[in-house]
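Please read the following with the sequence and the model side by side.

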Amino acid sequence: MKEAVHDIWQILSATGGQDRMLFGSCAMLCLFLAVYACIKDRRQIRNLWLLAAGLIICLKANGILLAAIIALSLSDWLLSLFMAKTGHVAMRKAAYIYSLLCNIGMVAWFKSTTGFTAQFMPGYDAAAGIALPLGISFYLFHSVGYMTDVYKRRMAPAGRWTDYLLYLSFFPAIFAGPVMRAGRMLPQIASGTKATEANVFAGLWLVMLGLVKKMVFADYLAQFNNQVFAAPAHYSGMENTAALAGYGMQIYFDFSGYSDIAIGVAMMLGFDIGVNFDHPYRATSLTRFWHKWHISLSTWMRDYIYIPLGGNRHGSLRTKANLLLTMIVAGVWHGFTPLFLLWGAGHGIALIVQKQASAFARGTDRLAKTRRFLSWAATFAFVTLMWIPFRSESAESAAAMAGSILSGFTLSDMAAFVSARPAWCLLLALSFALQFMPDRFMQTAKRSFTEAPLIIKIIIAIAVTQLLLQSGDADISPFIYSGF
């Protein structure tokens, strides 16, 4: 039995430590899918196989995460049944509030003990043996969303506890999203939805695309970015600027790559978990950026925080306050630290300012294109600059990088920088080019792959695998958002 459990874990995860996420071994994933294909028509067995996979991964990542998911999921499921059946308004509200306090309290405790407390009490984490369980924040989104929808009577509770537990531990998305809606996932789990041949190959395309984004683009760009962010004062204004631009592309390719992999694997299993990125760096406003970046999170924040606070229904001042508070929550969710608080508040304030000046980008006269370009440039510049507090290891480091960029950047240093790092600069330039490539090119490539003969698909898959082996680092970096 022990050997079987070990084999399943190897099927579903990369070797070498808990930071190595799913999909580290394509061969092992294929073996898991082969077993899944044999039982896909037997809904209950299929769901138990998926549930076992998710729970084993939780156990290997952090035993606390597994214990929390099992205990709190059972509590929430029973409370959701009670809320659906009771006609006592006060009791229903009490059950809902109790669930929120348990789930939010657990995550807040972990975030605070590994965030603010650690900054003011060096060695606190090590002394207490505290580690932030991977995926705990995404668990919170799923559980709070489910309980809120049941409480608001927007959906019926899950018919089985195991179905709800599978929703919480669905392994493609458990550690870094996308954020799944219970109203979308639970019916798929209960109905035994099946993948078509088109789903399988479209999913395989997304998995390959995601791996290329992660291992070719994100990991290579990270090598120089990490050096500069570790000691920005030791680098020139040109180098700090390049590293900041590089990090903007790194986090996009890293996170959208993970999302592509998760969505692709889910498709191969017969599940539709939505879309998470839509060329965010093309956005001509900060509002549009948040409609395109981490879509599942931004829409969750809108539906479960911004709208319940009142949204834009209670006047201009209240709307601004709601917007600012929502973005502060988004910042603190990433990490309970002053820098993440600054990042969230900065985006909130900028969204308020942008809404006041939104008329600038409108119009159909001959200056409309110029205004749209300037709006895009301002949006891109702001988003990129705000990656400084998001990525920096301390306030001093963030200040050093910002100061170096603002006071030390000169175009005359660019030629020497490109000459010193030609491959890195070429990959950065290609990253920017891919952001603005017409959608039809990628759609055509995807369609050509999915409609190609099987032998061509195999050749392409082998070629992509070889590319990853040749370009991948021996020590693959953890996915950035697995830490949140």
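A residue counts as buried when its relative accessible area is under 20%, and as exposed when that area is over 50%. The model discussed here is predicted.

Start with Asn 225, which lies in helix H11. Its relative accessibility is 0%, so Asn 225 counts as buried. Leaving aside residues up to four places away in sequence, Asn 225 touches Ala 242, Ala 243, Gly 246, Tyr 247, Gln 250 and Trp 424.

Helix H11 spans residues 197-230 and also holds Met 215. With a relative accessible area of 14%, Met 215 is buried too, because the cut-off is under 20%. Along the chain, 256 residues separate Met 215 from Ser 471, yet in space their C-alpha atoms are 7.2 Å apart.

The next topic is helix packing. Two packed helices are described by the angle between their axes and the distance between the axes. For helix H4 (residues 63-85) and helix H8 (residues 136-151), the angle is about 5° and the axes are 10 Å apart. H4 is therefore roughly parallel to H8, since angles under 35 degrees count as such. On the H4 side the contact is made by Leu 65, Ala 68, Ile 69, Leu 72, Ser 73, Asp 76, Trp 77, Leu 79, Ser 80 and Met 83. H8 contributes Ile 136, Tyr 139, Ser 143, Tyr 146, Met 147, Val 150 and Tyr 151. By class, the contact of H4 with H8 comprises 13 nonpolar, three polar and one charged residues.

Helix H3 (residues 43-61) and helix H10 (residues 182-191) cross at roughly 125°, and their axes come within 8 Å. H3 and H10 are therefore oblique to each other. Arg 43, Arg 46 and Asn 47 of H3 meet Gln 188, Ile 189, Ala 190 and Ser 191 of H10 in this contact. The residues of the contact of H3 with H10 divide into two nonpolar, three polar and two charged.

Aromatic rings come last. A pair of aromatic rings is described by the distance of the centres and the angle of the planes. The structure holds 39 aromatic pairs. One of them joins Tyr 281 and Phe 289, with 6.3 Å from centre to centre and 35° between the planes, and this pair is tilted. Both Tyr 281 and Phe 289 are buried.

Definitions and conventions: Residues numbered from 1 in each chain as written. Predicted model: local features only at pLDDT ≥ 70, side-chain atom pairs only at ≥ 80, totals over all residues. Heavy atoms only, no water. Axes fitted to C-alpha atoms, helices over the stretch in contact; angles between N-to-C directions. Helix = DSSP H or I, 4+ residues; strand = E, 2+ residues; numbered from the N terminus. Parallel < 35°, antiparallel > 145°, perpendicular 65-115°, else oblique. Contact = heavy atoms within 4.5 Å. Nonpolar A, V, L, I, M, F, W, Y, C, P; charged D, E, K, R; others polar. Phe/Tyr/Trp six-rings, centres within 6.5 Å; stacked < 30°, edge-to-face > 60°. Buried < 20%, exposed > 50% of the residue type's maximum accessible area, 1.4 Å probe, protein only.
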